[in-house]
Amino acid sequence: MTLSRREFLTKMGLTAAAVTALPVHLTAGSTYTVQKGDTLGHIALRFGTSVRAIKNANKLNSDLIRVGQKLSIPADAAPSTDLLGAVRAQTSKIPVRVDNWRRIVVHHSAIKYGNAAAYDREHRRRGMKNGLAYHFVIGNGIDSGDGEIEIGPRWQKQLLGGHVKSYKINLTAIGICLVGNFEKEHPTKRQLDAFTQLMDWLRGQVIPKAIHFAGHKELRGEQTVCPGKNFPLAAMHQRYPG
Ligand SMILES: [Zn+2]
């Protein structure tokens, strides 16, 4: 099945605001022309597919691609599942403090086990009375679903985060945590699908104004490798500029 660009974007749950940040030629099942600065990783991320699937479809023996090269994108590359349904439904009942939120910070949990409830218990045990330090947790298929997005009490109640060192930044920063240690492992494809669906929706519909995106380690004063070297931070900055 070939989708038009509009159908593909609608399927991805993208709004007009988010669309402008995406490159043209976004039609799964067709051909993509390599642009300056592209890597197979970026292209796979944009189409919600894997480097391996693109290499197989084009009989590539290495990761090298050149500007102007035409790549066929496998027809099944479009993200198949709406991972956001439950989050949308729950958030529709919450009066979101749209004017409060100024940035979104991504984290890894630095451990391959756990889910929102487990981290909530751990954070309370460490003395955080509001519990789970993050607003959202994205599972890896071990203790919650692969790509499952869990909402924490701080999003339900629109409370400040507890996920970075600076109290001032916590006041206005939404924290999204992907389960896993991305210094050792890679995020799953569905985790990244869920992350981009969540980000597109937060930035496009929930908080439709300029909102800064950062990896935890990029914040001033933080001494951490979070979200880990295997989280595709550069590609995410390209997708979420500003
Ligand atoms: Zn972190």
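Lysine 59 sits in the loop between α4 (51-58) and β2 (70-72). Its phi is positive, about 50 degrees, although the residue is not a glycine. Helices (H or I, at least four residues) and strands (E, at least two) are DSSP runs, numbered from the N terminus.

This is a predicted model: local features need pLDDT of at least 70, side-chain atom pairs count only at pLDDT 80 or more, and totals for chains, interfaces and linings use all residues. Residues are numbered from 1 along each chain as its sequence is written.

Most residues other than glycine have a negative phi, and most peptide bonds are trans. Alanine 110 has a positive phi, near 70 degrees. It lies in the loop between β3 (103-108) and α6 (116-125). Alanine 110 is partly exposed, with 18 other C-beta atoms within 10 Å.

A cis peptide bond links cysteine 226 to proline 227, with omega about 10 degrees. Proline 227 belongs to the loop between β7 (212-215) and α10 (233-239).

## The enclosed strand β6

Six of the six residues of β6 are buried, so the strand is largely enclosed by the rest of the structure. Ala173, Gly175 and Cys177 are buried on one side, and Ile174, Ile176 and Leu178 on the other.

Strands pair if DSSP finds at least two bridges between them. β6 pairs with β3 in the parallel sense over six bridges. There, valine 105 stands opposite glycine 175. β4 and β6 also run parallel, joined by three bridges. Valine 137 stands opposite cysteine 177 of β6.

## The nonpolar core

A nonpolar core is a set of buried Ala, Val, Leu, Ile, Met, Phe, Trp, Tyr and Cys residues joined through C-beta atoms within 7 Å. The largest has 43 residues; Phe136, Val137, Ile138, Ile176, Phe195 and Leu198 touch the most other members. Among the elements supplying at least two residues each are β3, β4 (136-140), β6 (173-178) and β7. α9 gives the most, with six residues.

## Confidence

Mean pLDDT, the predictor's confidence in each residue from 0 to 100, is 86 for the protein, and 85% of residues reach 70 or more. Over residues 1-27 pLDDT stays under 50. Where pLDDT is low, the predicted coordinates should not be read in detail.

Note on methods:
A residue is buried if 20 or more other C-beta atoms lie within 10 Å of its own, exposed if 12 or fewer, and partly exposed in between; C-beta atoms are placed from the backbone. Two residues are in contact if their C-beta atoms, placed from the backbone, lie within 7 Å.
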